[in-house]
Amino acid sequence: EIHIKEPIEKEVNPRLLPGELLLCEASTVYKYMQEDGSNRGTYGKLVCTNFKISFLDDDSASDDNEPQFKNKIVGENDITLQCVDQIYGVYDEKKKLLTGQLRKYPEKLIIYCKDLRVFNFCLRYTKEEEVKRIVSGIVHHSQTPKLLKRLFLFSYASAAPNNTDERNQTVMFETLEDWRDELERTKGNVKYKAVTTNEGYRVSEKLPLYFVVPLCISEESILKYEGRGIPIWCWSCHNGAALLKMSAFPKEQDDSTSQMQKAFLDGIYKTISKPPYELLKLDDLSSSLPSLQDIQTAYTRFKQLFLIDNSTDFWATDVKWFSLLESTNWLEIIRRVLKKAIEVAECLEIQHTNVLLIEESATDLCCVISSLVQVMMDSYSRTKSGFQSLIQKEWVIGGHRFLDRCNHLHKSEKEEAPVFLLLLNCVWQLVQQYPPAFEFTETYLTVLSDSLYVPIFSTFFFNSQHQRDTNKSGESLKTQSGPFRFLTVWDWAVQFDPKAQAFLNNPLYAEKPKPDKSQRKTARFKHQRQLSLPLTQAKPSTKRGFFREETDHLIKNILGKRIGKFINSSDEPPNSLREFYDSWHSKPVDYHGLLLPRIDGPEIKVWAQRYLRWIPEAQLHGGGTIATAAKILDLMEEVQSLQVKMDEEHSQAVSGDVHSVPMLRNSARLSSLFPFALLQRQSVKPALPTSTWKDLEDEDDLVRRDDEFVDLSGDML
């Protein structure tokens, strides 16, 4: 039963950003705690603005329970309109998806978010008129198609003061000078040139203002087919080999056009295949990697595993966790993308071959592979400013269609695909396998993924540089005229204060190469069984598998039981790639050199911090990596304080560093999903239904099931 408290007497008003307008609100709304099916929760006010949906209770005004890691823009009970995934109404205990006009209004509202939070609101004690206004308002402003200029991005840019951080070290690649500096940094300026052919967007609106092509490519060639069929430079390896990308010609053309385009391409290939250029390898990503539709389908299935309504649902899926996880195919897609990046790295590093990535628009999978290759091969891309510059170069200026792929305007679900999220998942695999090689942390990647849905930054809210430039002009409330000054997401001070920003930086980042054999040896065979699959697909497949003996070893050691249908490893990599992979993994890691991800079966894991952070049942209290990190940070602080005593002259500089380390006192009070989940609530595992107990008692029956992988611990973590 719900215990009805008196409505809040103290008036709680939402904290509004510049340009933010309150659209509708409802009082006496009851927010359930996401727990074991009980009706515990809190009363408050539910409001909808042109920026967010927000729940305000009497705790909203108090700073007593202020978390260490607080976002200044989006609070714990705030959902930006772009972050809303789906909204369901509950009518007589039945859930119904809410879209468009409503005839009947629900007694309960469930909001599923793109950052995987789930909010349950009871409207039974709210006035009928307020229910109509708030439900209609939320559905209309978060789910219906809208115009680009209606995004909060423009309201905020016109009203907010222009006090951006000029000290930002991220290279934005908006000027010719930025491209020339990058060419010089990678020593690619001997064979490649930055061109101004697209100034005024006279070649194509899809291309950036400035880009880099081989020296031998003429301006006429670039202009001929609006930039299609032209190899565009991404990055140069230390040995001179380069990574290039090209947008392909449409496949459905008449014969004469097709012949002309083929002749044009042959001419281009011949020009860039002869000295001083290296041999050229073409890689059509549309045929060698999953389609965008496959990626979207896999991710849609995958995220359903984490959009948990209550504790009972969580435990009901736990027995079939491996089976459910594998059936999504999301981890397999991550594996295939990482494998492709290893192939490209081998061509550049060992074969000294130029690689030309081909895709219809060269703005989706080309961005993923080129970014991954640079993270693996260029240690600069593993620093914070270097990684941010890489995202600017390959994605923002490179023309990834963020607006369409994130479906920010709700125009077409057919265009939606989590391509950028796929990259972050792949980079996370590298970060968790080789932490000292990265200046940033997994928390940084998680926050970056959240920032996709915060429309005060222009970084992820346009399809191209042209679209952003043409929409920059507008009336500003402050100056009455002149262009909008959009914020960039790389100014982290907008979202976090210095103490919170410390969580984005890796205190154990290896400033200098430090190969450590003992550390490498222990890390090699470590795995988190519950967040990775013990087996790949049970049926023979041309897409799956890597090393058979690795899988057999895991079956014996992890499950300790016979499981039918062993993996058929028919997709063994070519000999040269296999040798390259094995050879690299047999040596100590140079954290400032080439990094190759481990992609054997269970090495590909679920990004726990991002996907499980809102689920209390999935937290290890006082455990996980945070417990280790807390001890290491304590030790570091002790060493630094000793350094202060030993060297009085440098005490100020060193003590400054001491305070930059996040305070992690008493790791037993922290959760494994820190800093997002603090120990605010306990979750008790409910008694399993009789049918489930019967299944668990009959262990042999579970072993005989060929199509199902069982977590014998009964827990996800």
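Lys52 lies in strand E3; helices (H or I, at least four residues) and strands (E, at least two) are DSSP runs, numbered from the N terminus. The model is predicted, so local features need pLDDT of at least 70 and side-chain atom pairs count only at pLDDT 80 or more, while totals for chains, interfaces and linings use all residues. Residues are numbered from 1 along each chain as its sequence is written, and side-chain values use heavy atoms, with hydrogens and water left out.

Lys52 has 3% relative accessibility and therefore counts as buried. Buried means under 20% relative accessible area, exposed over 50%, and partly exposed in between (1.4 Å probe, protein chains only). Not counting residues up to four places away in sequence, Lys52 touches Arg15, Glu20, Val47, Asp78, Ile79, Thr80 and Leu81, where contact means heavy atoms within 4.5 Å. From C-alpha to C-alpha, Lys52 and Pro455 are 9.9 Å apart in space, although 403 residues separate them in sequence.

Strands of a sheet pair through backbone hydrogen bonds, either parallel or antiparallel. Axes are lines fitted to C-alpha atoms, for helices over the stretch in contact, and angles run from 0 to 180 degrees between N-to-C directions.

Strand E5 (residues 84–91) and strand E7 (residues 108–113) run antiparallel and are joined by six bridges. Val90 stands opposite Lys108 in E7.

## Helix H11 and its partners

Helix H11 (residues 365–377) packs with helix H14 (residues 419–433) at an angle of about 20 degrees, and their axes are 10 Å apart. H11 is therefore roughly parallel to H14: angles under 35 degrees count as roughly parallel, over 145 as roughly antiparallel, 65 to 115 as roughly perpendicular and the rest as oblique. The crossing of H11 and H14 is right-handed; a crossing is right-handed if the near helix is turned clockwise from the far one by less than a right angle, and left-handed if anticlockwise. In H11, Val368, Ser371, Leu372, Val375 and Met376 meet Val419, Leu423, Cys426, Val427 and Leu430 in H14. This contact has nine nonpolar, one polar and no charged residues. Ala, Val, Leu, Ile, Met, Phe, Trp, Tyr, Cys and Pro count as nonpolar, Asp, Glu, Lys and Arg as charged, and the others, Gly among them, as polar.

Helix H10 (residues 330–349) packs with H11 at about 60 degrees, with axes 9 Å apart, which means that H10 is oblique to H11.

## The enclosed helix H15

Eight of the nine residues of H15 are buried, so this helix is largely enclosed by the rest of the structure. Helix H12 (384–396), H14 and helix H21 (608–612) are among the elements that cover its buried residues. Ser449 lies in helix H15 (residues 442–450) and, at 0% relative accessibility, counts as buried.

Terms used
Pairing = 2+ DSSP bridges.
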